[in-house]
Each structure stands twice: as C-alpha cells, then as structure tokens.
Amino acid sequence: MEQGDFLRSSTEELPLKNEEIHLSMDMGDQSPIDVFKLHPVKMSIPGSSFAVATMTFTPPDKKKYSCTFKASLVIPKGGKGHVPQVTFVCPKARSNTGNSLLRFKRLQLGESEMLPLLVRNKGVIPVEFMLHLEDEHGAFFLKGRDSTLERFCTEDVEEDSAENENKSSENPFLLLHPGQSTKFDVIFEPTLAQRLEGRICVVMKDKHSKKSPVKLVGEGHKDEFALDGLEEDTQERDAKSILKKNIIDAVRVNHIQFGNRSVGESCRKTFTITNHTCTKVMRFEWEEKAPFQFSPKVGHLHPGCAKGITVTLKSDVPATFRRHLVKCKVTEINLELPKEEVQDWDDQMCIVTWNDTTREDSADSWPDEWKVVEKIPEPAHTVVEESSQEAEVYLSASVVYSQVKLSTVLVQFKDTLLFQTRKAILRMHNTGKVDLEYSWKNTGDSKTAQDPYLLPLLREYLFINHKYPKLWQENVKWQQERPSQRLLQLWELYRRSQDYEEQQEQPEQQNIDLMPEGQLYLKPGSLPPETVPEVLPLFSISPPDGIIAPGKMQTFQVGFYPMTVGKFMALMLCRIPNLEPAQKRVWMIVKGRALERKIRR
C-alpha cells in the first residue's frame, strides 16, 4: 500500500465564508473501487492558506491501474469576502484627497498641543495592526493611552515566557476585534519656525496599507510680538474652503467670539499682548473699528513684558459681525531716556490729585476738595525705520433683540369666595437668541380704588398680626367668621393693641359707622399713618421678575385674592428691556369674580 499527498492552495486574499472544496476520483471500468481511496473528500480552505488531501493505493493484483483525480470549488449562494477595515473615526476632517486630517495650532517654539486619534475596526473580522509615524523634522509624536495598551495585544503572546517576551517586542501589533476602537494621542511640538507636515500610516500584519493615512499639519513661529489668550475659530478649523486647498495651513489662534448679545448691552473680552524680545521696546496702536473699542488703544511694551487688552462691544442697533478684522500696528521704538528710567505707559494711565480750596462766600472755613485727573503723556521716542508690522484679530458677534411668546393674553378665574386664593398657570417662552429679562407690573383695578376704607383696615390687620401674634391667636378665628364680623374684630384688636402700648387715645364714635347687616366702615383719617406693610394684592404673579435663557420656558402662577364682593379686571404689563421698538408691549388681562359665602340659618 502506498500513499500520496496532494497540496491544494488558495491564492485569493479574501477569505470566503463557508467555502468548501469537493474532491472526487474517476477510475474507469477496469479499476476496482477499493484500489484508490481519498481522504478527506471535503475540505475548507481559507484565503491565502492551503490544505492537504491523502490518496491511498492498494492493488489486489499485479497489473496497471489508472485513476483521474478531480477537485471542485463550492461557494454558497450569497457568500462574500471580507477585508480588514481599520478606519480613523477622529479626526472627522478630510483633505481634498479624502485622507483624514489633523490640523494643529500655530504655536510658539517651545509650546506643544495634543489632539486625539481614534481608530475603529468597522469590519467583521479581527485585525492586527500598528501605526507608523512619518515625520521628517521630528515635530510630531504618537502616544498610546494606557487603556489602549491594556486592552489590545497580540493573541499569540503568552505570559511568563521569556521566548514570548522577545517575540512580543518584535511583534508590536495591536489586536482590534470587530466593532472595537482604541485611542491615541498625537502631540505636536514645533522644532522650526515654519509650516510642518507629517503623516500616520496603518501597518497591517503581513501587509502594509497606505491607502488612507492621516495627514498632520502644524506650524511653529518665534514672533517678537504675540497675542495670547485668544481663541481659535471652531468654524474655520473644519471649513470646506480651507480643507479643499492643496496646501492647508495650521489653525490660527486670533479670534474672539462674543456670541449672541442684546442690543445696548456692554460685553467685554480680555487677552494679553507680549513682547518676547530681550532688548527691543515695542509700541502698539489699535485701529478704530466701531462698535468695538480696545483699551488701552495705544501703549508701550518693554522687553519681556506683557499687557492686558480689553475689547468692549456695545451696539444700539442689531448687527452681525463674522470674522470682523481689526489690525494692530506694531513698531520698534527708541526711547530718548534710558529704558531703566522710563516706566511702562499706555493711554489709560493717569495721575489723580485732590485740590483743596476755601469758599469765599461761605461763613465756615472748612476747605472743599475735588478730584483732578490728568493723563500721563507718552514718553518721547523715535520709531525705528522698517520695523513696522501688523497683528490681526478677528471678532465675531451677533447683536439682536429679545423675542418672547406668551401662552395666553387672557386669564379668566373661576368664581372665588372672599379671602380665598385661586391660582392659574401662565407660560412664557424665550424664542430669541439672548437672555430674556422680564419684570411684571400690576396696573391695579377699578373696584379696589373705589373702596378707600377697606385697605387701610386690612393693612392694620397685618400690623397687629406681626406685632402681637399671641394676642391675635387668642382672640381671632378666621375660618368660621363672616367677613363683616371679621372687620369688627379687627377694630377691637386695634383698640386693644393701643392699650398694650399705654396709648389710651380712643377713636371718636362719630368716626365709626355701623352699616346695615353689621358691616363696619371707617371714615378717612380715623387710623394712624400707613406705616404698615401692604396687604396681599388682588391679582399677583410669581415669580415677578427674572431671566429666561434662550430656548427655555418659564412657568408663572397667577393668583386671585378677593377681599370684597364684585367683578374685577386688571391689566398686567411685563417690562422687557430688549424688545424691538416696533413690537407691542407684552401684556396680559386678568379677570375674576368674588362671591360672599352663603350661610344657612
């Protein structure tokens, strides 16, 4: 008996799911069936791999035997191949060639910036990969996070094996399962004062992939006059107009974003200017660009010194500013006096003095003082020729009016008994882009104004209740008394409170009138001056004032507290300082009817 091995290999790079190879033999009519045997008759061969089949020859007689070997590939219907799919989820920016792009800021030499790099396996098969950094000037660095190194490693490395430790150092590939992702940090530290480039490529195990590398762009500088504390324009970082260029610049940090502001509102932003030279004195001057004001506008910067700059925005009309350019002229100057003898200067510096004088027409001899403010003049200097340069700052802001929407303009209360409170709900929605400041004002009602005797008495009730709480609790029961009887008790408590203070002055009888049904009214002038707090208003709203953020809604509780029988109506105005002049005032009408409790006898 003899055996023979057949090698079947697949040169395809795509592993086919459920791929099968069927093997068969055709021995003709003269060969017995058991002379040739094949094992196995079915096998699966992944892409870029091989499989071995064994044929056994067992001749029963001494003669020639022949056999034809056949192999057929069976691919299930609908099957497809898969390739490793390692993609960069972050950054999202793409260059004009479709590659991922990391844009770093324009940095002073010695500074650094770090941006994240997120890699994800979007395929259906595990991937072993590594990242390869290509940098000519050594300004970019790639750093794996601790979580990355802990979660991902090569599968064929075992612990506690010196042989495998050497193998691990030679095989720095990371394993990424389907759907998993890992993060890296890319650091830019400029080494030259110029534009710098680099790129990161994905290296697959057994294959080097350069189809979609990450492009790195940064820039270093050593400017003598620098603006610090400014922002980057986030809209410009990934703007299509910039990404479509053949040469993409680094991100410029020369922007100030004021955001949405109200008309007439004053808003301030600050940053710093720095003189990075060791011997030169610099003079700066900001140009006039309304409605933006720079303070200080003109000044000097000594070597190695810095100065704070304040930008103020105030506009009395709606306006939109998008990357509004303001330039600063910077020149080198020579001071006439030695630098050590000249102090720092800008146009906001001044000297304050107090002058004393005595009035000639005054009988007393006390002196008067007033403050005198004098600005310090600019130190004498000369401008160095051909030393002028410009610094640029871009300003963005939107000055708009407030916009408001009420859920209703009419609140109708249900019938309410005397001295009871009924509530209603009102909603105010800030539909604008700026904070909405509101303040409610009740214009009053005609019914209360026609009854000048009731309010002073109720104010006196609050006064007695606040000053003599024990006396009030012992002698007054509000819940089960008729309103007319409550007024009589109020007057009795007022008389007794005067006795407590040893004030025996009793009101004259002619100042008290007992009206039909036992109702008590006081004539004007019968009570002391109104130094007590106000009573609960007929109509109220809570909260009465506040601020609503853009896109938010405030819920108000409108209250109705009647003290006399009748129908009432009031107009409640809402003061909003930033409304458009042409817009009508925000108002609301409230109505209610008060009824007296019916008592059965």
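A salt bridge is a side-chain nitrogen of Lys or Arg within 4 Å of a carboxyl oxygen of Asp or Glu. In this predicted model, local features need pLDDT of at least 70 and side-chain atom pairs count only at pLDDT 80 or more, while totals for chains, interfaces and linings use all residues. Residues are numbered from 1 along each chain as its sequence is written, and side-chain values use heavy atoms, with hydrogens and water left out.

The structure holds 17 salt bridges, and a network of them links Arg106, Glu219, Asp223 and Arg252. Within it, Arg252 and Glu219 meet through their side chains at 3.5 Å, N to O. This pair links distant parts of the chain, 33 residues apart, since Arg252 lies in the loop between helix 4 (240-243) and strand 17 (255-262), and Glu219 in strand 15 (residues 207-221); helices (H or I, at least four residues) and strands (E, at least two) are DSSP runs, numbered from the N terminus. Glu219 has a relative accessible area of 14% and is therefore buried, whereas Arg252, at 39%, counts as partly exposed (buried means under 20% relative accessible area, exposed over 50%, partly exposed in between, with a 1.4 Å probe and protein chains only).

Another salt bridge joins the side chains of Arg322 and Asp233 (3.0 Å, N to O). Asp233 is buried at 6% relative accessibility, while Arg322, at 37%, is partly exposed.
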